[in-house]
Amino acid sequence: MPENVDFKDLNIIEVSILVKILKGEKNLANIGRNLDLTLQGVRYYVNSMRKRKYLADLSVTPQGYEFLTKSLETLKGFLSNSSDLLYNLHDWEIICDGEVHEGDTVYLYMKNGYLHGSRNEKTEATGIVNGDSRNGQRALIHDIRGIIDVKFGKVNILIIKNISYENPVEYIDEVKGLLRKNIGKNIQVFLLGEGIYSIFEKFESYERFAPLQSGFDAATRGLDAIVICSEEAFNLNFEEFALLKEKHSGIKTELHFL
């Protein structure tokens, strides 16, 4: 077999059948139903792969593993390149640092969670401006090059235990002290659950809708986030937290308790 599998030689149906067999499926009729093929069609592909020694009976051979690995690598590369193409075909929004004009090259960087473009601030990422715009206004860019440097923030979960009507002021003071002392000023604060909202409802800067998702979104934009919740609310939303943590594996999370 060739060292590499070219995309023009890639047979998606063969790859799909091999994957099904690797997953333990031995019934050719079931494979056909899953792939929208006739039983005769599945047999044709299976016999073809047996002749090339990719299959022995209905088991994947070492040659079959090699073929499947290289085929999936080829497919992954094609999809990645195609995604990059679509990515660059779309215009991006930036905030202008200074006046820009049609065709200007701007350097891209993150500031306070938003993408900025500057003709003077040298970075590795660049884009080409569509149209004219002024300082502080929006501009559209295309032909994005390089990697935008984003230092991920951290998501802190502050769990307050044993909330009662007797102690809300105490918690307000403790939380404000924690924010000042341990986390710093540049932080996005989110409230999770009715119990926490009942304590902090007067603080307009504390966001309360989609708090977990918003906290992780802030961290992907380079900002630290803290989600304040009761123990009950955290337990109720733990599955969402776990899914977000898995999805954003590059973002650090910490649990704090009061």
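Biologist: Which residue in S7 does Glu93 stand opposite?
Modeller: In this predicted model, Glu93 faces Leu140 in S7.

Biologist: And how do S3 and S7 pair, parallel or antiparallel?
Modeller: Antiparallel, over four bridges; S3 covers residues 92–97 and S7 covers residues 138–145.

Biologist: What about S3 and S5, parallel or antiparallel?
Modeller: Those two pair in the parallel sense, with three bridges between S3 and residues 114–118 of S5. One of the bridges joins Cys96 to Gly117 in S5.

Biologist: Which S3 side chains are buried?
Modeller: Trp92, Ile94 and Cys96, which point to one face of the strand.

Biologist: Is Cys229 buried or exposed?
Modeller: Buried, with a relative accessible area of 0%.

Biologist: New topic: where is Arg208 found?
Modeller: Arg208 sits in the loop that runs between helix H6 (194–200) and helix H7 (211–220).

Biologist: Which residues is Arg208 in contact with, leaving aside neighbours within four places in sequence?
Modeller: Leu191 and Tyr197. Arg208 is also partly exposed, at 40% relative accessible area.

Biologist: And how many Å apart are Arg208 and Val227 in space?
Modeller: They are 9.3 Å apart, C-alpha to C-alpha, with 19 residues of separation in sequence.

Note on methods: Residues are numbered from 1 along each chain as its sequence is written. This is a predicted model: local features need pLDDT of at least 70, side-chain atom pairs count only at pLDDT 80 or more; totals for chains, interfaces and linings use all residues. Side-chain values use heavy atoms; hydrogens and water are left out. Buried means under 20% relative accessible area, exposed over 50%, partly exposed in between (1.4 Å probe, protein chains only). Contact means heavy atoms within 4.5 Å. Two strands pair if DSSP finds at least two bridges between them.
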